[in-house]
Amino acid sequence: MRELVWDKTLSVAVDEIDEDHRRLVELFNIFSRAVEENDPPEYREAVLDELIACTIWHFRHEERLMLKYDYPGFAGHKAEHDDLVESAAEFQKKYLQHEGKMDEADFDYLEQWLTGHILVVDMKLGEWLAGVM
Ligand SMILES: [Fe+2]
């Protein structure tokens, strides 16, 4: 089973953002386990839906913090969030079309979708926020 571990390498040094990221990692793992254990399709679809919905909510949370603290990188960061939401919708559509089949490449994609942004763009935001909050 594909499992992500939240550790210090994923920490952006802002507790409230780290808390969200931990929750997203947990949902990724719940989804991965549901696929591994071949849980009913409706359940797996619900978990994937929850992961994407929580991610969208979390993006709004980060955007609110950026606005509150007048983050200079707001536009670029928000544009990346918007792209990620779009690619999540495409992924979900494909998932439903393929009747919930997930291969290694699909997991690679989902893992990268979740952690790639945290490791680069959110790190920069965290560094900046930690200095002004
Ligand atoms: Fe972000």
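1. How many residues has α1, and how far does α1 reach from its first C-alpha to its last? Helix α1 (15-36) has 22 residues and reaches 31 Å between those two atoms, close to the 32 Å expected at 1.5 Å a residue, where the expected span is 1.5 Å times one less than the number of residues. Helices here are DSSP runs (H or I, at least four residues), numbered from the N terminus. α1 is followed by Asn38, whose phi is positive, near 55°.

2. This is a predicted model, in which local features need pLDDT of at least 70 and side-chain atom pairs count only at pLDDT 80 or more, while totals for chains, interfaces and linings use all residues. Residues are numbered from 1 along each chain as its sequence is written.

3. The buried residues of α1 are Ile17, Asp20, His21, Leu24, Val25, Leu27, Phe28, Phe31 and Ala34; a residue is buried if 20 or more other C-beta atoms lie within 10 Å of its own, exposed if 12 or fewer, and partly exposed in between, with C-beta atoms placed from the backbone. What covers these residues includes α2 and α4, contact being taken as C-beta atoms, placed from the backbone, that lie within 7 Å.

4. The largest nonpolar core has 10 residues in all, namely Leu24, Val25, Leu27, Phe28, Phe31, Ala34, Leu48, Leu51, Leu110 and Leu114, a nonpolar core being a set of buried Ala, Val, Leu, Ile, Met, Phe, Trp, Tyr and Cys residues joined through C-beta atoms within 7 Å. The elements that give two or more residues to this core are α1, α2 (41-68) and α4 (104-132), and α1 gives the most, with 6 residues. Apart from this core lies another, of 7 residues, among them Val14, Ile17, Ile118 and Leu125. Within the largest core, Phe28 touches Leu4, Leu51, Leu110 and Leu114, not counting residues up to four places away in sequence.

5. The axes of α1 and α4 come within 11 Å and cross at roughly 175°, which makes α1 roughly antiparallel to α4. Axes are lines fitted to C-alpha atoms, for helices over the stretch in contact, with angles running from 0 to 180 degrees between N-to-C directions; angles under 35 degrees count as roughly parallel, over 145 as roughly antiparallel, 65 to 115 as roughly perpendicular and the rest as oblique. Ile17, His21, Leu24 and Phe28 of α1 make the contact with Leu110, Leu114, Ile118, Asp122 and Gly126 of α4.

6. The 28 residues of α2 should span 40 Å at 1.5 Å a residue, and the end C-alpha atoms of α2 are 41 Å apart, which agrees. Its buried residues are Arg44, Leu48, Leu51, Thr55 and Glu62, and what covers them includes α1, α3 (74-97) and α4. Asp70, which follows α2, also has a positive phi, near 55°.

7. α2 and α3 pack at an angle of about 175°, with their axes 11 Å apart, so that α2 is roughly antiparallel to α3. From α2 the contact includes Leu48, Ile52, Thr55 and Phe59, and from α3 it includes Phe74, His77, Val85 and Tyr95.

8. Glu45 is found in helix α2 and is partly exposed, with 16 other C-beta atoms within 10 Å. The C-alpha atoms of Glu45 and Glu99, 54 residues apart along the chain, are separated by 9.7 Å.

Notes
Two residues are in contact if their C-beta atoms, placed from the backbone, lie within 7 Å.
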